[in-house]
Amino acid sequence: MDAELRELFQFLRDRNPQVRQIALSNLIGQTAKESPHRNIFFEGLKGSGLQTLQETDIIHDLKLLCRDQLATAHDAFRALVNLSDSALLVPFLMEPSFLTFLVSYILNPDAILADLASMLLSNLTASPSACSSLLSLKIPLVPMAGGLYYTPHSRSGSCPAPVPYPSEQPCDTFSLPLLIDAFVQGASIDKSLDASKRARNGDLHFLSSVFANISTSPAGRLFLMTPRPTNPLQQDSALEFPLAKIVPFTEHQDMIRRGGIASALKNCAFYAPCHKAILSPEIHVVSVPPSTISAPGMDALPYILLPLAGPEELDLEDQEKLPSSLQFLPSTKKREPDSVLRLTHVETLLLLATTRWGRDYLRGHGVYEIIRGAHLEESVEKVSEHIERLVLLIKGDEGPETKDDDMPLPKAEENDENDDEDYKITEV
């Protein structure tokens, strides 16, 4: 059977687009993790160490076919999403020309398969080397009227060039700020509208996993916690923390989107100097060392507490302690249904409580009142235990030894393996 499947490889380069599509449609089923013939896609790939990395024809062809007509490109993206759980493949998919195409394609609002491309980028950034490449990646873009832009490297069978073609010269721009803006725009897509009337063809939920993955590294946290122009194309626009743009999605209806953002926020909270920026309201201007650039605070506490809040009625005195968005919640308010995400938010609060300033802020803004209700309703023992630890921190007395110094970090782990498995994309 392996030999018969390998015979299809040659037809992926056929001049006839129908032949290419038929060949790939017969191979796509073998890319799934449980497929007994999946090894045919990895034969010939050499490992690292003293061996030279060498790309095989089939991987090269799949990358090219992502630029093909819609049906073929769809199957090519699916194949690479399925295969990208293998570390052997990551170096070839992070090769500069393909990475530039992949990011450019995601950024193009007309890209029909942008969600599949986002899934592939999500899987790739599970590798630290891929995160490093993405953090430094610049892509060419052509400015257009109305503050829009066109990414020339996105041009493909499922993403044609605009007509008329823009006359401006391309300029190289860091890709991550653009991906954040595209992610924000994707959240407001109305899929009931005709595709021609949508701002974007993809909702890009899987980019949240990309942001979660890059936040596991110090360089990634530094990017998210260093103020940048609100508009990446206008360097003189107001400054804003990149993390501030994505924090509001902790209550989004899509679990992948809100899960990735919850993880990114938790990972950033491991860096104690950023706690003031995360918690401070927008009226306060804050900087995060080592940067000296200041920007409005993110006021993230409501977005951490809302998923933990329920419909409980509180006394007026307790209501006044809460941020305004948590006061007098309706009787229909429901807590985050996923226990992994509830645990993530509690761990974020634990991390924010490791500094004296953070504990005082949590005490003064109704955290105890919210988690008290959450604890009464919690059915998962691990989440309950973490809530109890949080209560000890924010309700305990401060001694001379905690007056100014930070406390040891709680045992919340960055990118806990069990947590990641619930949101990792392995095959489609």
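The average pLDDT of this protein, pLDDT being the predictor's confidence in each residue on a scale from 0 to 100, is 89, and 89% of the residues score at least 70. What I am showing is a predicted model, in which local features need a pLDDT of at least 70 and side-chain atom pairs count only at pLDDT 80 or more, while totals for chains, interfaces and linings use all residues. Residues are numbered from 1 along each chain as its sequence is written, and side-chain values use heavy atoms, with hydrogens and water left out.

Helices and strands here are DSSP runs numbered from the N terminus, helices being H or I over at least four residues and strands being E over at least two. Among the elements of the protein, helix α10, residues 207–214, has the highest mean pLDDT, at 98, whereas helix α21, residues 417–421, has the lowest, at 45. Over residues 416–426 the pLDDT is below 50, and this stretch has 20 contacts in the model beyond near neighbours in sequence, a contact meaning heavy atoms within 4.5 Å.

Let me turn to the sheet. Three strands form an open sheet in the order β2-β1-β3, with antiparallel pairing; because β2 and β3 stand at the edges, each with a single partner strand, one side of each is left without a neighbour in the sheet. Helix α9, residues 175–186, packs on this sheet and touches β1, β2 and β3, its direction making about 70° with that of β3; the axes behind that angle are lines fitted to C-alpha atoms, for helices over the stretch in contact, and angles run from 0 to 180 degrees between N-to-C directions.

Two strands count as paired if DSSP finds at least two bridges between them. Strand β1, residues 138–143, is joined to strand β3, residues 171–174, by four bridges; within that pairing lysine 138 stands opposite phenylalanine 174, and leucine 141 has cysteine 171 as its bridge partner. β1 and β2 form a hairpin with five residues between them, and glycine 146 in the turn has a positive phi of about 75°.

Now for some individual residues. A polar atom of the glutamate 378 side chain lies 2.9 Å from the backbone nitrogen of valine 380, and, not counting residues up to four places away in sequence, glutamate 378 touches Arg342, Val383 and Ser384.

Glutamate 347, in helix α17, residues 339–352, also counts as buried, at 4% relative accessibility. The C-alpha atoms of glutamate 347 and leucine 390 are separated by 8.5 Å, although the two residues are 43 residues apart along the chain.

Finally, valine 90, in helix α5, residues 90–93, is buried at 8% relative accessibility. Leaving aside neighbours within four places in sequence, valine 90 is in contact with Leu124, Ser127, Ser129 and Ala130, and the C-alpha atoms of valine 90 and alanine 126, 36 residues apart along the chain, are separated by 9.5 Å.

Technical notes
Polar contact = N/O pair within 3.5 Å; in protein donor to acceptor, adjacent residues only side chain to side chain. Buried < 20%, exposed > 50% of the residue type's maximum accessible area, 1.4 Å probe, protein only.
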